[in-house]
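Colleague: Could you take me through one part of this structure slowly, as if I were new to all this? I'd like to hear about the side of one chain that touches its partner.

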Amino acid sequence: MELIQTYLLPVLFAFASSAAFAVIYNVRGQGILVCATGGALGWLVYLLSAPLLQSDIAQMFAAAVAISVYAEVMARIRKFPVTGYQMVAILPLVPGGGIYYTMEHAINGEIDAFLASFLHTLGLAGAIAVGVLLVSSSVRMYQSFHLSRRGNRP
Amino acid sequence: MDYYGLLNLAADLGYGLLESGAEIYRVEESIQRLLHAYGIPRADPFVIPNCIIVSFRTPQGQTLTQVRRMPSHGTDVDLIERYNDLCRRLCREIPSLEEAQSRLKDIGQTRRCYSFPVLMAAYFAVAAAFCLLFGGLFRDALCAGIGGLATGLALTALTLLHANLFFKSMLCSALSAFLALALTHLGLGSHSQLIIIGSMMALVPGLSFTNAIRDVMAGDMVAGITKIADALLTGISVALGTGFALGLARVLWGV
């Protein structure tokens with residue numbers, strides 16, 4: 001029962017929100033399923049890595065890496081640009097809560113709390129960006145390595 | 001070869017890609033590949049979020065340049081996929097310029113969109129699912145869904161009125177936050193914070209921030225910095241809108 005509460009339900013909700021975002025960004029057909037699975041996978045990694053990493057910035061980084069790898073693999077299989085899927089799958093990770101609490105502290109005039117949550121939100125967003133970047137740069141490096149070995153340098 | 005026609009084709013393809021929200025490097029690469037396939041060894045496309053410049057030298061030594069201005073636009077993954085696919089095909093098959101141009105036009109004209117009710121249902125679902133994800137109850141999810149629906153309706157209406165991006169996100173977030181607080185006041189919702197967070201997720205610029213960082217790292221500094229400024233301003237306007245609603249609720253109901 002606890003397993004369902006802590007893991008299954010959030011993953012299900014992440015799946016639903018990614019699917020809905022996919023519709024808003026005009027993804028069609030099976031692509032919706034691909035995006036939604038990516039969103040669910042990201043959230044699952046985020047939850048599962050909690051005992052290991054114990055910091056939500058590091059967890060966010062792990063989840064972003066997992067989604068990016070998944071998106072790269074799916075893009076190869078389906079022969080479509082990777083970004084569409086990746087963008088939509090990453091959306092559930094976006095720190096909306098952080099932005100809200102930052103704003104609330106700012107309105108209440110709690111400068112210390114405001115700064116703390118602002119920097120934390122920035123850290124979360126940065127962790128996602130770095131995770132995405134790590135995977136896409138690695139893939140690009142691997143591709144150009146392959147090209148240069150075949151002798152036709154780009 | 002009609003190099004003016006080729007220049008038009010390349011610029012139109014780039015315009016289509018950028019307008020549907022493709023990344024900067026994809027637009028530049030596609031233009032370069034297309035021109036390469038049609039026999040221009042070296043082309044210099046320069047793309048930033050609201051401008052495309054394509055320039056190349058013909059084998060006769062003439063320099064041709066075209067500048068296209070890009071208005072503000074949304075994201076359409078389906079169109080990106082189709083333009084990208086077309087670019088690959090053109091590079092492989094190298095059809096005549098007329099045929100390539102008509103295929104390009106075809107994509108722009110047969111744009112596939114979800115119907116309005118489906119889109120609004122999606123806005124509802126996004127907000128409700130996020131509210132549940134952050135730990136809201138089912139009643140809260142219902143309220144968040146209503147907020148999300150209002151956001152979707154307001155976004156569509158304001159887009160029709162050509163409101164600018166920042167005003168749009170400010171107004172929409174104020175509306176959804178106010179609805180959330182009103183519904184909580186009426187007793188339908190119980191956690192107003194979670195409802196507000198859920199219903200503003202469709203407006204939060206997390207995505208454009210991530211993309212912006214990516215552009216900066218890829219070396220497209222101008223594009224990246226423009227997008228970071230855009231994301232920060234959008235974030236601030238969402239926060240301002242929500243803050244306005246919170247202040248108003250405090251005056252009205254003293255919560």
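Modeller: Let's start with a term we'll want later: patches are made of residues with over 30% relative accessible area and no salt bridge, and nonpolar side chains are joined within 5 Å. Keep in mind, too, that this is a predicted model.

Now for the contact itself. Chain B puts in 44 residues and chain A puts in 43 residues. Between them, the two chains bury about 4,200 Å², with 73% of that on carbon and sulfur atoms. On the chain B side, the most area is lost to chain A by B:Tyr114, B:Leu133 and B:Leu207, which together make up 16% of what that side buries.

What about charges and polar atoms? The count between chain B and chain A is one salt bridge: the side chains of A:Arg140 and B:Glu29 meet at 3.0 Å, N to O. There are also ten residue pairs in polar contact between the chains, both at pLDDT 80 or more.

Several helices of chain B supply at least two residues each to this side, including α2 (24-37), α5 (116-133) and α10 (221-253). The largest share, ten residues, comes from α5(B). Sorted by type, the touching side of chain B has 27 nonpolar, eight polar and nine charged residues.

Back to that term from the start. Chain B has a nonpolar patch on the surface, with B:Phe116, B:Phe124 and B:Leu153 among its residues, and about 530 Å² of accessible area for the whole patch together. Here α5 and α6 (138-160) of chain B each supply at least two residues, and the largest share, four residues, comes from α6(B). B:Leu153 lies in that helix, α6 of chain B.

Key:
Residues are numbered from 1 along each chain as its sequence is written. Chains are lettered from A and ligands numbered from 1 in the order in which they are written. This is a predicted model: local features need pLDDT of at least 70, side-chain atom pairs count only at pLDDT 80 or more; totals for chains, interfaces and linings use all residues. Side-chain values use heavy atoms; hydrogens and water are left out. Contact means heavy atoms within 4.5 Å. Buried area is the accessible area (1.4 Å probe) that two parts lose on being put together, summed over both. A salt bridge is a side-chain nitrogen of Lys or Arg within 4 Å of a carboxyl oxygen of Asp or Glu. A polar contact is a pair of N or O atoms within 3.5 Å; within protein, one must be able to donate a hydrogen and the other to accept it, and residues adjacent in sequence count only if both atoms are side-chain atoms. Ala, Val, Leu, Ile, Met, Phe, Trp, Tyr, Cys and Pro count as nonpolar, Asp, Glu, Lys and Arg as charged, and the others, Gly among them, as polar. Patches are made of residues with over 30% relative accessible area and no salt bridge: like charges are joined within 9 Å, nonpolar side chains (Val, Leu, Ile, Met, Phe, Trp, Tyr) within 5 Å. Accessible areas come from the Shrake-Rupley method with a 1.4 Å probe; for residues, only the protein chains shown count as cover.
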